[in-house]
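My entries follow the structure.

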Amino acid sequence: MSSKFSGIIQINDLDDFIGPGQECVKPVKLEKRPTKKTGVIELADESGSVEKQKPPVQKAKISLDDCLACSGCVTSAETVLINQQSADELIKVIENNKKFIQDDKFCHVKKIVVSISPQSRASLAARYNLDLNTCTKKLCGFFKNCFSAEFVFDTTFSREFSLIESEREFVERFRKNEQGSSDAKLPILTSSCPGWICYAEKTHGSFILPFISAVKSPQQIMGSLVKDYLCKNVFDITPDKIYHVTIMPCFDKKLESSRKDFFNEFHQSKDVDCVLSTIEIENLFQKENIDLGSMQDGILDLPFTLNKDQTSVKQELEKQELVYNHQGGGSGGYLEHVLVTSAKSLFDFDLKPEQIVYKQLRNSDFKEVNLEINGEVKLRFAIAYGFRNIQNIVQKIKKKNCPYHYIEIMACPSGCLNGGGQIRDEQTNSLSKDLLQKVEITYNSVKDQIPDENRFVKNLYDSVWLGNDEEKLKKNLYTSYHEIEKN
Ligand code: SF4
Ligand code: SF4
């Protein structure tokens with residue numbers, strides 16, 4: 001089976017934990033067997049000679065939560081991932097729910113919540129020749145009618161928080177750096193790509209981690225919204241009573257959702273229980289003979305308005321575009337948002353997104369843009385996608401000759417619209433240039449919104465969920481990284 005992981009996780013020429021196809025090397029604690037059973041058995045044949053038989057080898061089981069995402073064992077990791085986060089697992093949850101309802105064991109029923117990424121939606125819309133709004137309604141109808149989803153959300157909404165906090169983090173760090181603080185490392189390297197984070201943690205560890213943005217990715221902020229805000233303020237249930245599924249453009253997101261940092265020990269619950277890639281949704285349609293275009297329409301939910309009275313929700317929804325986008329490329333628009341907003345906060349300069357002009361460097365996945373005021377360069381930002389460009393940036397930082405203040409880093413060449421979990425061309429089984437272009441056009445076909453102007457986002461900053469309280473902000477919107485030591 002060919003791997004759908006990003007190239008950075010697939011690379012196997014690094015001096016890494018193990019080579020491809022080998023067994024998992026993570027040290028796993030095995031229960032010691034009683035000596036009586038595990039001692040060497042001596043068998044004597046008729047002639048009396050003794051044959052020593054080794055005790056049977058105990059097989060260690062590794063779960064996805066244990067996985068280090070080493071680059072070498074994509075095959076093993078992939079099997080683990082596919083078994084533990086798959087459409088079959090979701091179907092199992094639905095079947096169990098039915099049984100619990102039949103047996104009047106309502107307290108065991110898990111509510112299904114689905115969050116769709118804008119990249120996956122664009123890929124599905126392009127594949128089924130639908131416009132984005134129609135595709136969204138059909139997907140909502142599909143998950144609600146066929147998978148009993150109570151709510152379907154759009155991670156463009158959780159991305160608003162990720163963008164706003166990225167700006168806040170950058171401005172704070174830039175100011176501290178200007179004042180000479182050695183803790184305020186620049187450039188800030190974006191963190192929403194788990195392929196890049198896995199590589200950074202295991203390959204460059206303690207050196208590179210202080211440069212990485214601590215802001216959670218849109219997937220994991222949606223995880224906090226669903227398992228924290230929704231559970232407490234809308235359902236009044238514990239997080240383990242929700243099964244949260246996300247639809248994402250890559251398999252690497254399965255690794256992200258399995259990080260210990262996003263696991264609630266007390267309730268034994270993950271913020272995102274199951275990540276399905278776009279391609280797995282397409283496979284599901286094919287298996288079930290579903291034509292997305294002829295599905296019944298469903299409603300896209302807004303988690304932040306659920307506890308309001310229905311009239312005001314309706315009025316708000318009428319004003320709100322069903323789907324919208326953020327300025328910038330298909331990977332979330334981090335560079336554009338942080339550049340425009342920090343130009344204002346740091347230099348009181350009104351930079352229009354359309355004034356951002358990139359200069360291509362070595363290739364189309366490595367480009368830079370400067371903020372120049374009165375002929376003086378104030379900010380230097382860059383985009384570095386794909387393994388080679390990332391390696392190049394890391395080397396520059398190591399040699400202390402990296403000229404940038406902020407770098408948007410993504411493991412996949414061309415970014416998230418080209419993720420390993422996106423739908424391939426039927427004929428060639430690859431994401432051809434034409435198909436990628438169609439996905440890009442579809443992705444950009446809706447209006448851009450400015451995150452700071454979204455009234456629903458503002459409501460949540462004022463709500464009990466965040467309450468403009470530093471501790472709550474840290475818990476729900478920020479994370480941390482950990483060096484992975486090689487054996
Ligand atoms: S990626 Fe996970 S399963 Fe594979 S070797 Fe590393 S720890 Fe083991
Ligand atoms: S670039 Fe985007 S699609 Fe590719 S691995 Fe990173 S997050 Fe996933």
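I looked up what the buried residues of helix H11 pack against in this predicted model. The partners, by contact (heavy atoms within 4.5 Å), are helices H4 (87-102), H5 (118-127), H6 (132-146) and H10 (252-257), together with strands E6 (242-248) and E9 (274-277). Helices (H or I, at least four residues) and strands (E, at least two) are DSSP runs, numbered from the N terminus.

I then checked the cover of H11 (residues 278-287): seven of its ten residues are buried, that is, under 20% relative accessible area, where exposed is over 50% and partly exposed lies in between (1.4 Å probe, protein chains only). The buried set is Thr278, Ile279, Glu280, Ile281, Glu282, Leu284 and Phe285. Just after H11, I noted a positive phi of about 55° at Asn289.

I traced an open sheet of five strands, in the order E5-E13-E12-E11-E10 with mixed pairing; two strands pair if DSSP finds at least two bridges between them. E5 (188-189) and E10 (359-363) are the edge strands, each with a single partner strand, so one side of each has no neighbour in the sheet. E10 pairs with E11 (residues 366-373) in the antiparallel sense over three bridges, and Asn363 is opposite Phe366 in E11.

I searched for disulfides (pairs of cysteine sulfur atoms within 2.5 Å) and found zero. Cys274 is buried at 0% relative accessible area, and Cys402 is buried at 17%.

For the record, residues are numbered from 1 along each chain as its sequence is written, and chains are lettered from A and ligands numbered from 1 in the order written. Local features need pLDDT of at least 70, side-chain atom pairs count only at pLDDT 80 or more, totals for chains, interfaces and linings use all residues, and side-chain values use heavy atoms, with hydrogens and water left out.
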